[in-house]
Amino acid sequence: MMTKGRGRRVQCRAMTKTLTHIRRGIADTLPLFVPVVPFALVFGVVVGESGIAPWLGWSTSPIIFGGAAQITLLSLLGEGASVAAAVTAALIVGARHLLYSVTMAPRFQNQPRWFRWVGPYMLIDQVFALSMLRQEDDPHAFRVYFLSTGLCFWSLWLFFTAVGLFIGPLVPSQWGLVFAAPVLFTALLVMALNSWDKLAVALLAGGVTVLFSELPNRTGLLVGALLGIAMGLLLELRRSRS
Amino acid sequence: MTAFLAIVLTGLGTYASRAVFIVALGQRRFPPLILRVLEYVAPAVLGALVVSMLTTADGTVLIGLPELAGLACAAAVAWTTRNHIFTLLAAMVVFWTLRSLGL
């Protein structure tokens with residue numbers, strides 16, 4: 001009887017802990033979703049202008065689950081691009097996910113196999129940035145946090161892109177709500193900085209992206225990110241030599 | 001039908017790009033140098049992403065005084081409070097104020 005009671009108490013404590021991680025995941029997701037709302041409305045405008053059936057345009061939300069890639073694909077298809085050209089452009093826009101995959105791989109090593117297959121589906125910018133701030137969590141806490149931010153974003157994105165189909169064409173763009181997106185990513189960036197080297201890398205990546213901003217399909221983003229990482233590699237090589 | 005094909009292909013490609021290293025490197029050990037370099041991925045991508053978000057589809061970068069002041073304010077508030085909502089409110093107020101003054 002004693003052990004049974006203690007077992008239940010341990011189980012209860014584990015449940016409370018899990019709930020804490022879920023609550024934290026949802027609390028971190030909600031402010032980050034604010035700038036996604038106008039983005040979902042932009043998505044609605046793009047679908048409307050592309051001439052693609054609204055339900056078909058919306059199906060990109062569960063199938064692709066990546067706003068920038070969805071908008072790129074649908075606007076190119078709407079402009080009459082070939083399937084090959086539109087898919088290639090959308091995948092180039094989403095190529096930074098390869099970097100997320102490499103970066104996250106060590107954190108997935110001590111995770112169950114199902115999570116290694118399911119987790120990547122939700123590995124969007126925000127989930128990546130948020131879970132990078134949780135490097136010190138134990139595997140269980142990391143998994144619960146990752147899944148709750150991911151599922152929270154997923155359901156909100158599916159809902160708001162559906163809403164966007166109806167009201168996207170009605171919101172005035174002068175509100176400038178889209179500026180909330182770079183603001184929140186600046187916040188994520190600042191919270192991830194813990195050395196001057198990283199600040200230098202971030203500034204270099206941003207500067208290079210400005211220089212290459214006229215490359216098509218937002219390739220400048222990739223060039224900037226890759227040069228930033230190359231600088232990180234040089235800094236680390238120099239450190240390990242000295 | 002061709003549109004649906006394009007959507008499915010992009011979906012598969014996007015999933016593959018997110019999953020490839022996580023699934024393939026499931027049990028492999030990472031060299032310490034790689035692990036340290038990976039720490040720079042987040043600052044680099046986020047730095048590039050912020051700029052990319054201020055860029056229009058045709059490549060024009062929209063960074064004027066309101067944007068710069070808003071982002072500087074965001075960085076300062078995020079650094080001191082570590083709170084997303086405070087950061088968002090402060091930066092948007094700065095951005096809207098400067099923009100309405102026509103700066």
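**Group meeting: the contact between chain A and chain B**

Good morning. In this predicted model, the contact draws 79 residues from chain A and 63 residues from chain B, two residues being in contact if their C-beta atoms, placed from the backbone, lie within 7 Å. On the chain A side, helix α11 (residues 180-192) provides the largest share, 13 residues; helices (H or I, at least four residues) and strands (E, at least two) are DSSP runs, numbered from the N terminus. That side of chain A comprises 53 nonpolar, 19 polar and seven charged residues. Here Ala, Val, Leu, Ile, Met, Phe, Trp, Tyr, Cys and Pro count as nonpolar, Asp, Glu, Lys and Arg as charged, and the others, Gly among them, as polar.

A word on conventions. Residues are numbered from 1 along each chain as its sequence is written, while chains are lettered from A and ligands numbered from 1 in the order in which they are written. Local features need pLDDT of at least 70 and side-chain atom pairs count only at pLDDT 80 or more, whereas totals for chains, interfaces and linings use all residues.

Turning to chain B, its secondary structure consists of five helices and zero strands. The C-alpha trace of chain B spans about 55 × 45 × 25 Å along its principal axes.

Finally, chain A. An automatic or database domain assignment divides chain A into domain 1 (2-175) and domain 2 (193-242). The C-alpha centres of these two domains of chain A are 25 Å apart. Six residues of domain 1 of chain A touch six residues of domain 2 of chain A, and α6(A) gives the most to the domain 1 side, with three residues.
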